[in-house]
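Subject: Handover of a structure and notes on its contents

Dear colleague,

Please find the structure below, together with its sequence. I would be grateful if you would read the notes that follow with the model open beside you.

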Amino acid sequence: MEMTLSDGAPKPFHFEISLSVLNHLGRNLYRNFITVIAEAVSNSWDAEAQNVWIEIDKEGNTFSIKDDGLGMTAEDFQEKFLKIGYSKRKDGKKATDRGRPFIGAKGIGKLALLSCANRVSIYSKTTGAGYVGGVIDNADLDKAIKSDNTADQYPLEQPDLGRIEKLQQGHEHGTIIVFDATKEKLRSSPAHIRKMLAMSFKFSLHDKAFKIFVDGTEVSEADLGDLARATEFLWIVNGYTDGYVAALDRLKSSAVPKTTKLGIRGFLATVEKPRHLKITGTDERATVDLIVNGRIREKNLLRHIPTQRIVESYLYGQLHFDTMDREGTDPFTSSREGVVEDDIQFQSLMDYLKRDLLPQIIDEWDGLRLDRGLEGDDENNRKTKKERKARELFSAAKDDYKLEDAEPNKDKVDRWLESLRDDAQYNLQAYADCFLSENLIRKYLVEKSIPLTPIATKDAADWKRRESENLKKANISWAIRTADDDLYYIDMDGLAVMAEGSKSPQGPSLWLDAVNYKPVRNAVGHTGLLSAAGKTHLNQVFQNVRARIKNLLTRP
């Protein structure tokens with residue numbers, strides 16, 4: 001469509017972009033300092049860099065990012081870097097000349113560089129050429145945006161080479177970006193930044209041709225050492241491995257392989273305690289993340305399919321799904337910090353996690369944790385709630401008896417404690433059942449004002465006498481019981497007679513159950529280790545005892 005000018009010459013209509021679009025596209029879209037660094041590092045990767053150096057100056061409130069990539073000519077800087085929306089993937093190209101898959105897609109990630117500092121200076125050079133570049137001053141840019149200026153009405157300042165006097169030494173080609181007057185005070189320590197980059201860029205850990213340095217120290221698996229040492233169990237999807245996974249040498253059980261026809265690879269792992277997921281020295285937690293072509297595209301995948309199961313508090317990992325980055329489809333959000341949730345491949349991944357992988361891991365984690373005598377998944381029916389709580393109580397109690405690492409016999413004592421675990425779990429449950437059943441009958445007898453039988457009165461007097469003698473031997477003159485009532489000296493068979501009114505050797509009888517119950521109950525009370533037959537007998541008898549007591553308690 002054309003319009004006709006007053007002199008009769010035709011002129012085509014054309015788009016005219018206001019600078020305010022920069023805010024909408026990304027200048028205010030990025031969340032944190034690490035995200036900005038990640039964008040710069042991504043650009044370095046796409047530019048074939050082998051090294052990236054990040055230098056932090058907290059006192060000066062400034063930082064710089066330097067790489068040894070291909071660099072830019074003046075034309076590249078104007079037509080590619082400064083062209084918002086320019087994509088390296090035009091004409092279907094998905095990788096660099098050396099075969100690196102491009103991270104950048106939309107050509108707007110560079111706007112992140114403007115989000116954390118008042119002044120951003122870019123210097124770039126190709127081999128044998130001088131530096132080209134410019135300075136973007138956010139204060140001036142804000143004025144231009146308020147004036148609704150177009151892009152060609154905001155010329156960049158010329159950069160000061162003196163600003164990078166040290167950084168340009170030995171810099172034959174590549175790009176240097178300096179961030180002055182950061183919008184937030186630089187609180188992140190170099191160690192924090194290395195940890196976040198190690199979590200965010202897996203290619204920095206397994207591609208030996210790409211290295212990232214923060215204040216002179218290379219980002220490596222060692223930056224995730226705290227997390228690795230706390231990792232308890234590991235699941236490997238479709239044979240995945242990398243330097244971090246290979247270094248997990250403190251696992252409490254062999255890695256569990258998982259296979260799927262879905263084109264993903266990766267790992268999921270759990271830590272010993274939920275607090276171990278916190279990355280030391282940071283406010284970040286390790287999560288289950290989606291990585292596409294070496295770059296995190298979605299943090300915390302589980303937020304899309306919360307299970308409300310306890311294992312989520314222990315779980316982290318990375319799933320690599322490179323085929324999501326495919327021609328003709330853009331599954332990533334404008335901020336590149338997330339995925340378009342209705343993308344068909346992302347949905348297939350979520351479906352696999354929800355219906356297949358996570359249910360398996362939740363169940364297997366529970367079994368592995370119970371094997372170690374630790375808390376597992378309360379909702380799993382592998383153990384009853386009562387069994388789990390008894391196991392937890394044993395685990396808490398045994399810590400009081402564990403020897404220090406340097407103590408002699410530590411390993412032997414650990415084995416002894418472990419050998420007592422199953423019996424302790426059973427006896428703790430049995431004692432709780434015994435305690436409740438006998439005391440509920442006592443409550444019932446008091447409520448019904450049922451008096452003690454002559455035999456029960458005599459038995460109570462005998463037990464009181466023995467206890468008094470024992471207290472004298474122990475030189476104890478204070479009361480060891482909250483109540484001195486005779487009723488609390490009577491055991492189960494005596495209580496049953498009073499509750500039912502007689503001894504009934506035939507038909508349903510709480511007294512007869514109590515008689516059968518007593519020998520094994522006494523073994524539990526005296527911390528004996530029950531045989532399999534003893535446990536079976538006690539379980540069967542107590543089923544009757546419980547039912548009869550509940551029936552007794554429902555009487556008007």
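The notes below cover the pocket, the aromatic rings and several individual residues.

The model is predicted, so to speak of local features a pLDDT of at least 70 is needed, side-chain atom pairs count only at pLDDT 80 or more, and totals for chains, interfaces and linings use all residues. Residues are numbered from 1 along each chain as its sequence is written, and side-chain values use heavy atoms, with hydrogens and water left out.

**The largest pocket**

The largest pocket has a volume of about 870 Å³. A pocket is found on a 1 Å grid over the protein atoms alone, as an open set of points with protein on both sides within 12 Å along at least five of seven lines, whereas a cavity is a set of points where a 1.4 Å probe fits but cannot get out. Grid points are joined across faces, edges and corners, and the volume is the space filled by probe spheres set on the points. The pocket is lined by 23 residues, and those closest to its centre are Glu438, Arg442, Arg481, Tyr488 and Arg521. A lining residue has an atom within 4 Å of a point.

Helix 12 (421-447), helix 13 (454-473) and helix 15 (510-525) are the elements that give two or more residues to this lining. Helix 12 contributes the most, with six residues. Helices (H or I, at least four residues) and strands (E, at least two) are DSSP runs, numbered from the N terminus. By class, the lining holds nine nonpolar, six polar and eight charged residues. Here Ala, Val, Leu, Ile, Met, Phe, Trp, Tyr, Cys and Pro count as nonpolar, Asp, Glu, Lys and Arg as charged, and the others, Gly among them, as polar.

Lys443 also belongs to helix 12. Lys443 counts as exposed because its relative accessible area is 56%; the cut-offs are under 20% for buried, over 50% for exposed and in between for partly exposed (1.4 Å probe, protein chains only). The C-alpha atoms of Lys443 and Leu487 are 9.7 Å apart, although 44 residues separate the two along the chain.

**Aromatic rings**

The whole structure contains 10 aromatic pairs. Rings of Phe, Tyr and Trp (its six-membered ring) pair if their centres lie within 6.5 Å; planes under 30 degrees apart count as stacked, over 60 as edge-to-face and the rest as tilted.

One of these pairs is Trp53 with Phe213, which is stacked, at 6.4 Å centre to centre and 15° between the planes. The pair links distant parts of the chain, since Trp53 is in strand 3 (residues 51-57) and Phe213 in strand 8 (residues 211-214), 160 residues apart. Trp53 is partly exposed, with a relative accessible area of 27%, whereas Phe213 is buried at 16%.

Phe267 and Tyr316 form an edge-to-face pair, at 6.0 Å centre to centre and 85° between the planes. This pair also links distant parts of the chain: Phe267 lies in strand 12 (residues 265-271) and Tyr316 in strand 15, 49 residues apart. Phe267 is buried at 2% relative accessibility, and Tyr316 is buried with a relative accessible area of 2%. Tyr240, Tyr244, Phe267 and Tyr316 form one aromatic cluster.

In two places a charge sits over a ring, and the test is that NZ of Lys or CZ of Arg is within 6 Å of the ring centre and within 35 degrees of the ring normal. Arg466 lies over the face of Trp463, at 4.6 Å from the ring centre. Arg481 lies over the face of Tyr489, at 3.9 Å from the ring centre.**Individual residues**

His320 is in strand 15 (residues 315-320) and is buried, with a relative accessible area of 10%. Its side chain makes a polar contact of 3.2 Å with that of Tyr240. A polar contact is a pair of N or O atoms within 3.5 Å; within protein, one must be able to donate a hydrogen and the other to accept it, and residues adjacent in sequence count only if both atoms are side-chain atoms.

Asp180, in strand 7 (residues 174-182), is buried at 17% relative accessible area. The side chains of Asp180 and Thr62 make a polar contact of 3.0 Å.

Thr527 has a positive phi of about 55° although it is not a glycine, and is exposed, with a relative accessible area of 65%.

Yours sincerely
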